[in-house]
Amino acid sequence: MDTTEKIKVLYIDDESNNLFGFKAAFRTEYNILLANSATEGKALLQQHPDTHVIFCDQRMPDITGTQFFEDIASEYPDPVRILITGFTDVAAVVDSINKGQVFRYLTKPYQQEEIHAAIEQAYKYYMTGFMLRKKNEELQKANEDLDKFAYSVTHDIRGPILSILGALEIMKQTQSMEELHSICNMMEESALQVNDLIVNIHAYYSLQRGTIEIEEIDFKNLCQELAELHNIQLALANIKLTITVQQVETYHNSRVLLHLIINNLLSNAIKYQKDAEVNKFVNLSVQVNNGIATIKVADNGIGIETKYLDKIFNMFFRASESSTGSGFGLYNVKDALLKLKGDILVCSEIGKGSEFVITLPGK
Amino acid sequence: MATEQFHFILIDDSKLDCFIGEKIIVGSGRAVSCHTFMSTSAAFEHIQNSSVDAHRTIILVDIQMPLMTGFDFIEHFEKNIPEPKQSTYIINLLTSSVNQNDMIQSQRYKSVNAFLNKPIKKDVLIDLMDKLNS
């Protein structure tokens, strides 16, 4: 919350004179809202649910102040409630304070300093409760994420390791060299899968915790470096990678995150090719114009079904039945882009291929 | 009475797990047939197209399958495979980490027979078949 923001105070009283007097006295210091009935007060609260402090007169013609506070307590638990009473009402008010619906009360006629002190005290109380609730919500969300994370990670890491152990058991009883060889290949695949996941988890944590270092980016150089990482796979699968870079101006951004983003898209484009396709291709193009980099990664691979397009960036989502992916790659891409204030669009047709387009303003 | 023989359907997205599972199933000596599938949809299609014979079918399906998960598969199965065919299938869930939530969710489906830890073990499988016999 912005601390320079004025404290928002709602004052409810059926006597207009009291309202105007209150506003005149405090309007420079606080953001004052006035209501001359409970109904009006509720309407104002609806418009200003972020009200910090509510003053309400106990004696009003439609309902009493304590009743009003009781009514709003469940819907607006955050604003701190202060009752204004005449001396005679005090006994009736005690009960409502004990129920926790009223933070404190002031007796009429009040001094300006009293109101002042009450607002400051109430605001402090508000902030403590507000921050606590906020932190609790964050904590709860973090815990839920952690549960989901732990569950998927144990499954995804333990799964392949158990498979490898199971395969070893079978190998001990296998005589045929040919079969041993094929088991080895499958074990390798499982081991690579775990490795891939761990690399991605590492990337995830660096993204969450790491600081972003901005440096000058030479896209030609970056793309070349990325292509070299995939040379062997490209050659093995007979995929033609074309790189086009148009960059005349200097561009600054995080090289580490750009590396992560483009690398993930490239790996996907290479991984999800159609086996039967003769002319497999992956096109990587980068254009830098007016400080904005547009990065495109296109392929003629298996494509993504339209109904899954909005889910592919979710953690642990895998949109392909043949996929050996960790369900982490595109999540990290999206997360990195969120950090850099970039955007990603995807066009894909099942059986035809996919194209990812990223627009990323320089720093 | 001779021990009952079963058809087997194993569904797992890991090639290695399918391989290991098939070895164990065939090695148990009580499989009339064993089909492995790396996707739930392919397995479902197989079930839809196969006819009932004298043997019941034991299905082993990994919970964490991409797209149609093990639970989705069961839901799909219960909805689309008519009786009495449905009761000739015995569905068991496979998992590499037994999770409380999974347990609770599995109780919602009448056709879930058991939870099995991965990798599948021969004695566990035989025990499961013996229980079905009695």
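**View 1. Salt bridges across the whole model.** Over all chains, the structure holds 19 salt bridges; a salt bridge is a side-chain nitrogen of Lys or Arg within 4 Å of a carboxyl oxygen of Asp or Glu. The model is predicted: local features need pLDDT of at least 70, side-chain atom pairs count only at pLDDT 80 or more, and totals for chains, interfaces and linings use all residues. Residues are numbered from 1 along each chain as its sequence is written, chains are lettered from A and ligands numbered from 1 in the order in which they are written, and side-chain values use heavy atoms, with hydrogens and water left out.

**View 2. The salt bridge of Asp50(A) and Lys8(A).** These two side chains meet at 3.1 Å, N to O. Asp50(A) sits in the loop between α2 (38–47) and β3 (53–57) of chain A, and Lys8(A) in strand β1 (residues 8–12). The partners are 42 residues apart, so the pair links distant parts of the chain. Helices (H or I, at least four residues) and strands (E, at least two) are DSSP runs, numbered from the N terminus. Asp50(A) is partly exposed at 32% relative accessibility. Lys8(A) is buried, with a relative accessible area of 11%. Buried means under 20% relative accessible area, exposed over 50%, and partly exposed in between (1.4 Å probe, protein chains only).

View 3. Lys108(A) forms a salt bridge with Asp57(A); the closest N and O atoms are 3.2 Å apart. Lys108(A) lies in the loop between β5 and α5 of chain A, Asp57(A) in strand β3, and 51 residues separate them. Lys108(A) counts as partly exposed, at 26% relative accessibility. Asp57(A) is buried, with a relative accessible area of 4%. The peptide bond from Lys108(A) to Pro109(A) is cis, with omega near -10 degrees. Pro109(A) lies in the loop between β5 (104–107) and α5 of chain A.

**View 4. A salt-bridge network in chain B.** Salt bridges link Asp12(B), Asp17(B), Asp62(B) and Lys118(B) in a network. Within it, the side chains of Asp62(B) and Lys118(B) meet at 3.4 Å, N to O. Asp62(B) belongs to strand β3 of chain B. Lys118(B) is in the loop between β5 (112–117) and α5 (122–133) of chain B, 56 residues from Asp62(B). Asp62(B) is buried at 1% relative accessibility. Lys118(B) is buried too, at 9%.

**View 5. The interface of chain A and chain B.** Here 25 residues of chain A are in contact with 23 residues of chain B, contact meaning heavy atoms within 4.5 Å. The area buried between the chains is about 2,200 Å², and carbon and sulfur atoms give 57% of it. Buried area is the accessible area (1.4 Å probe) that two parts lose on being put together, summed over both. Two salt bridges are counted between the chains. One, between the side chains of Glu189(A) and Lys15(B), has an N to O distance of 3.6 Å. On the side of chain A that touches chain B, α5 (112–172) and α6 (177–209) are the elements that give two or more residues. α5(A) gives the most, with 13 residues.

**View 6. The largest nonpolar core.** This core has 42 residues, and those with the most contacts inside it are Phe219(A) and Leu258(A). A nonpolar core is a set of buried Ala, Val, Leu, Ile, Met, Phe, Trp, Tyr and Cys residues joined through side-chain atoms within 4.5 Å. The elements of chain A that each supply at least two residues include α7 (219–237), α8 (255–271) and β12 (353–361). The largest share, nine residues, comes from α8(A). Not counting residues up to four places away in sequence, Leu258(A) touches residues including Ile217(A), Phe219(A), Leu222(A) and Leu360(A). Apart from this core lies another, of 28 residues, among them Ile164(A), Met186(A), Phe19(B) and Ala114(B).

View 7. Asn290(A) has phi near 50 degrees, a positive value in a residue other than glycine. The loop between β9 and β10 of chain A holds Asn290(A), which is exposed with a relative accessible area of 74%. Leu67(B), not a glycine either, has a positive phi of about 60 degrees. Leu67(B) is in the loop between β3 (56–62) and α3 of chain B and is partly exposed, at 23% relative accessibility. A cis peptide bond joins Glu83(B) and Pro84(B), with omega about 0 degrees. Pro84(B) is in the loop between α3 (70–80) and β4 (89–95) of chain B.
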